[in-house]
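Reader: I am new to this structure. Please take me through the terms used to describe it.

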Amino acid sequence: MRDVAFWILAVAAVASGVAVFVVGSMARATFALLASFLCVGVELLLIDQHYLGVLVVLMMIMEMLVMAVFMIMYMMNPAGLMPMTMVHNHRGALAVAGGVFAALAAGILLADWPERAGAPPRDPAVALGESLMGPTMLVMIVIGVAILATMIASVVLATHRGRYGDRDGDVP
């Protein structure tokens with residue numbers, strides 16, 4: 001069942017990735033790209049990469065929604081929905097895309113793939129964190145929480161009324 005879901009999501013990810021270049025507006029292209037990234041995020045969840053899957057889903061939802069909001073606010077055409085083309089130099093783009101696909105497919109088929117050495121880690125998220133940050137992982141986690149607390153505190157203290165400005169009716 002997981003294999004079937006994986007392949008359905010893979011096809012949906014590629015189809016919505018193609019839709020980015022087929023749809024007629026920037027707003028629709030943004031949501032097609034979001035759909036592609038969501039499919040990839042769910043695929044990561046299916047292969048038990050929970051941390052990366054949730055990270056991709058959360059990051060891409062926020063990124064694409066912010067992008068859509070700014071496009072709707074600042075594009076000259078109404079809400080980024082006017083027809084437009086996403087591809088310039090259509091023949092050249094097809095030639096480059098075909099050449100890159102052929103080179104990558106040849107690399108996959110002709111590469112001498114190594115055999116797996118050892119077993120997969122018990123907790124892939126911990127292994128990923130240790131490989132990225134090494135022995136400073138705990139320090140980076142603490143620094144991340146401290147930076148988040150600093151950002152929240154600075155926003156709270158920077159309001160017009162201050163931290164306690166609206167208590168007990170003492171708002172000017």
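**Helices, burial and contacts**

Author: Helix α2 (residues 26-46) has 21 residues and spans 30 Å from its first C-alpha to its last, close to the 30 Å expected at 1.5 Å a residue. This is a predicted model, in which local features need pLDDT of at least 70, side-chain atom pairs count only at pLDDT 80 or more, and totals for chains, interfaces and linings use all residues. Residues are numbered from 1 along each chain as its sequence is written, and side-chain values use heavy atoms, leaving out hydrogens and water.

Reader: What makes 30 Å the expected span of α2?

Author: The expected span of a helix is 1.5 Å times one less than its number of residues. Helix α2 has 21 residues, and the expected value is 30 Å. Helices here are DSSP runs of H or I with at least four residues, strands are runs of E with at least two, and both are numbered from the N terminus. The chain comes to six helices and zero strands.

Reader: Why is serine 16 called buried?

Author: Buried means under 20% relative accessible area, exposed over 50%, and partly exposed in between (1.4 Å probe, protein chains only). Serine 16 has 11% relative accessibility, so it counts as buried. Serine 16 lies in helix α1 (residues 2-22).

Reader: Which residues does serine 16 touch, not counting those up to four places away in sequence?

Author: They are Ala32, Ala35 and Ser36, where contact means heavy atoms within 4.5 Å. Ala32 and Ser36 are among the buried residues of α2. The buried residues of α2 pack against α1 and α3 (50-74).

Reader: Why is the pair of phenylalanine 6 and tryptophan 7 called edge-to-face?

Author: Rings of Phe, Tyr and Trp (its six-membered ring) pair if their centres lie within 6.5 Å; planes under 30 degrees apart count as stacked, over 60 as edge-to-face and the rest as tilted. By this rule there is one aromatic pair. The ring centres of phenylalanine 6 and tryptophan 7 are 5.7 Å apart and their planes stand at 90°, so the pair is edge-to-face. Phenylalanine 6, at 25% relative accessibility, counts as partly exposed, whereas tryptophan 7, at 58%, counts as exposed.

Reader: Where in the chain is confidence lowest, and where is it highest?

Author: Confidence is given as pLDDT, the predictor's confidence in each residue, from 0 to 100. The lowest mean is 80, in helix α5 (residues 124-133), and the highest is 94, in helix α4 (residues 90-110). The chain has a mean pLDDT of 83, with 84% of its residues at 70 or more.
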